[in-house]
Each structure stands twice: as C-alpha cells, then as structure tokens.
Amino acid sequence: MRKRNESVTVEHERAAAAAVSGPLDKGCSLRHSLRLPAAAVAAEGMKRPLGRRYGLWFRLRKLIIWLLGVYIAIPFLVKLCPAIQAKLVFLNFVRVPYFIDLKRPQDQGLNHTCNYYLQPEEDVTIGVWHTVPAALWKNARGKDQLWFEEALGSSHPVILYLHGNAGTRGGDHRVELYKVLSSLGYHVVTFDYRGWGDSIGSPSERGMTYDALHVFDWIKARSGDNSVYIWGHSLGTGVATNLVRRLCERETPPDALILESPFTNIREEARSHPFSVASTQYFPGFDWFFLDPITTSGIKFANDENVKYISCSLLILHAEDDPVVPFHLGKKLYNIAATSRSFRDYKVQFVPFHTDLGYRHKYIYRSPELPRILREFLGKSDHEHQH
C-alpha cells in the first residue's frame, strides 16, 4: 500500500515537471504562457497617446470657447460702457516716449524751449511748450518764462500746434516738426490736452477744444500784431477745426489753418481705420456696437461740417501712404472746403505727398519741400482769394 502511494506521488510529480518543462524545452521561454499579459501591455500603450490627444483637444476646445466668449463679450462691454470707446479714440493713457521729464524740453534737444503750465478751467492744468525761432536760440539760453512770453511779441509769426491722439507734446515726430518750424522762423506753442502727458483733467472733445481756445487767447494777448497760425495733426485736426470755427463765429479768426493728415469726421475715420476695416467684414452690427458709442460719448470731431463755417486760408497736407487716416479722407475734406461759400475770399490748397516718399502718417516734416510750401502759402495767406 505504501509502495502504491509512493508510485502515485512520483507519477504526479513527473506529470507536473513535464507540464512545466514542455514549454521551456520547445521555446526556451515562457512566451506562450504570457500572451494575455503582453496584449494587455499593448492595449495600455495605445491608451497613452489617445489620452494625450484627447487632453490636447480638450485644451484647444477650451481656448476656442474662451476666445469666442471674448469676441462676443467685448462688443457688448463697449456698447454698455461708451467710455471705453472714448479711451480708444483718445489713447491718452499711451505715453510715448516713456520716462521723459516734460518739464525739461531740453532733454529732447529743444534748448530754446520753455515749459509753462496754464489753467483753462478750475481743476484743469495743462502743460505747454514754447519754442522760439532758431534766430533767437542764443538769446533764449538761461532765460525765464517771462522772457519767453515777451518774446512772442517779437517780429516772428506764431504757430499753435495741436497734436493727435496718444503720446505727449514730447513725442519724437512732434519734436522734429517743432525744430523744422523753428528753423523757418516761427514761434511754436504746443501743449498736452487735459488728461494727456502731465496735464490734469479728464479728456473730452469739449475740453480739448476749450484748452486750445485758452492757449490761443493766451498767445494773442502776448503776440501783438504778429500772425498766428493753427496747425492740427491727425486727431488734432478735429480740435483745430472746432477751435477755428469758434474763432470765426466770434470774428477773431487765425491768419491761417493748416491740417496735416486730416479726416472728415471721427465716425468715418474710425470706420476707415485698418483695424476697423477687418472688423466690419467679419463682425455683424459693427456700427451699432463700436461706432454708435463714440457718438454717445459726445465725440464727433466733424471737420466736414466745421469747414463750412471757417473763413481763413486753409492748407491741407496728406501723404498718399498714410495707414492711419486714409488719403481719400483728406482729399474728400478738401473737396468739401474748396466748394464751401465760407472760403470764397480765401485760399484753399491741398498738397499730396507721393507714396514713394514714405512719409506715412507722421513724417511729412521730413519733406525738403515743406519750407517752400509753407513760405508760399503762409506768406500770402491773409485774405487772398481761393484761386
């Protein structure tokens, strides 16, 4: 009985050994026994790239939804808060160049310039620069504000320069124009509207126009019988025509008005701006969302209406390659002015600058023809017939 049990045990052990050794002898490995685990590993490997792709698509979808939300929310935000659109028109919060001391115009190469502060209204203070003609440069060194004010009464004409949006009176292209005009024998008086540069107050079309009127009267009180011309650039052309219309209505017109890169009205300029052109094609209701809030904010700068009430000589300068204020708007404004009855006794001139010159929006001061243009126009501007 014991022998039989022992033989059964031996047979069982042999069978177990054969079961284990069989696969090893044939394949010298356990591969046949591991087929199921290998398939599981392969399936796990496939899940990883699929998971990564799914995660990437999920993040991309979230980004698209977020951008779409912004695309929809911004117009409604602008519509509900017109002040946002006003800031985009004025851009007075953009102070370029940065880190300059507007109290020190000499740091910008204007050694014959004095910095003033005037107060058009209570709680409003504006910073003013007065650059004397280059012929007075040596006499101006080390002089105080009183000397500069008295110098306005010297036998030199005065140009009141009204700058465009963004930046300050110390902007690079503006400073270069002051230098050109000074070299031609003009006093140049410029300032930052309330809310620009170091001027105190909140910007508005009415406020900007009143600031310009205050500075004009300040000049006239000191310049005696000298000619006073008004030069507006870009958005400053809107301030300039507002100012000159008011001066003509009170019968104290300037001796001439110069508009550099002008538009017809702010609504048409906003619609013609490169950013707006793309938006009008892809955004339904662009006028209602973006242009109507400008009007709601009281911003019109209606040059095309103002020129119908202006009675003084008018010179328009515009570069054909202007990317900010399209050339055709300046030409359109000229056509309106040239046919206006208010200019029937005055000269109206339009001077284009060819695209090849590359003067764009703010570099007309570089033109070697500018001195001749100004000399011929301003030298004969007083009460001349248009033709």
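Buried is used here for residues under 20% relative accessible area, exposed for those over 50%, and partly exposed for those in between, with a 1.4 Å probe and protein chains only. The structure is a predicted model, in which local features need a pLDDT of at least 70 and side-chain atom pairs count only at pLDDT 80 or more, whereas totals for chains, interfaces and linings use all residues. Residues are numbered from 1 along each chain as its sequence is written, and side-chain values use heavy atoms, with hydrogens and water left out.

The protein averages a pLDDT of 84, and 74% of its residues score at least 70, pLDDT being the predictor's confidence in each residue on a scale from 0 to 100. Values stay under 50 over residues 1-5, for which the model has 0 contacts beyond four places in sequence, and also over residues 16-34, for which it has 4 such contacts; contact means heavy atoms within 4.5 Å. Where pLDDT is low, the predicted coordinates should not be read in detail. The protein has 14 helices and 8 strands, taken as DSSP runs (H or I of at least four residues for helices, E of at least two for strands) and numbered from the N terminus. Of the 387 residues in the protein, 45% are buried, and residues 24 or more positions apart account for 76% of the contacts with a separation of 6 or more.

Helix α7 (residues 205-223) packs against helix α8 (residues 235-249) at an angle of about 60 degrees, the two axes lying 9 Å apart. Axes are lines fitted to C-alpha atoms, for helices over the stretch in contact, and angles run from 0 to 180 degrees between N-to-C directions. The crossing of α7 and α8 is right-handed, a term for a near helix turned clockwise from the far one by less than a right angle, anticlockwise being left-handed. E205, M208, T209, Y210, A212, L213 and F216 of α7 make the contact with L235, V239, N242, L243, R246 and L247 of α8. These residues divide into 9 nonpolar, 2 polar and 2 charged, where Ala, Val, Leu, Ile, Met, Phe, Trp, Tyr, Cys and Pro count as nonpolar, Asp, Glu, Lys and Arg as charged, and the others, Gly among them, as polar.

The buried residues of α7 include M208, A212, L213, F216, W218 and I219. In α8, which is mostly covered, 12 of the 15 residues are buried, among them L235, V239, N242, L243 and L247. From its first C-alpha to its last, α8 reaches 22 Å, close to the 21 Å expected at 1.5 Å a residue, the expected span being 1.5 Å times one less than the number of residues.

S234, in the loop between β5 (228-233) and α8, has a phi near 55 degrees and is buried, with a relative accessible area of 7%. E251, in the loop between α8 and β6 (256-260), has a phi near 65 degrees but is exposed, with a relative accessible area of 70%. Most residues other than glycine have a negative phi, and most peptide bonds are trans. The peptide bond from V96 to P97 is cis, with omega near -5 degrees.

L235 is also one of the contacts of I266, together with V89, I294, I299, K300 and F301, neighbours within four places in sequence being left aside. I266 lies in helix α9 (residues 266-272) and counts as buried at 6% relative accessibility.
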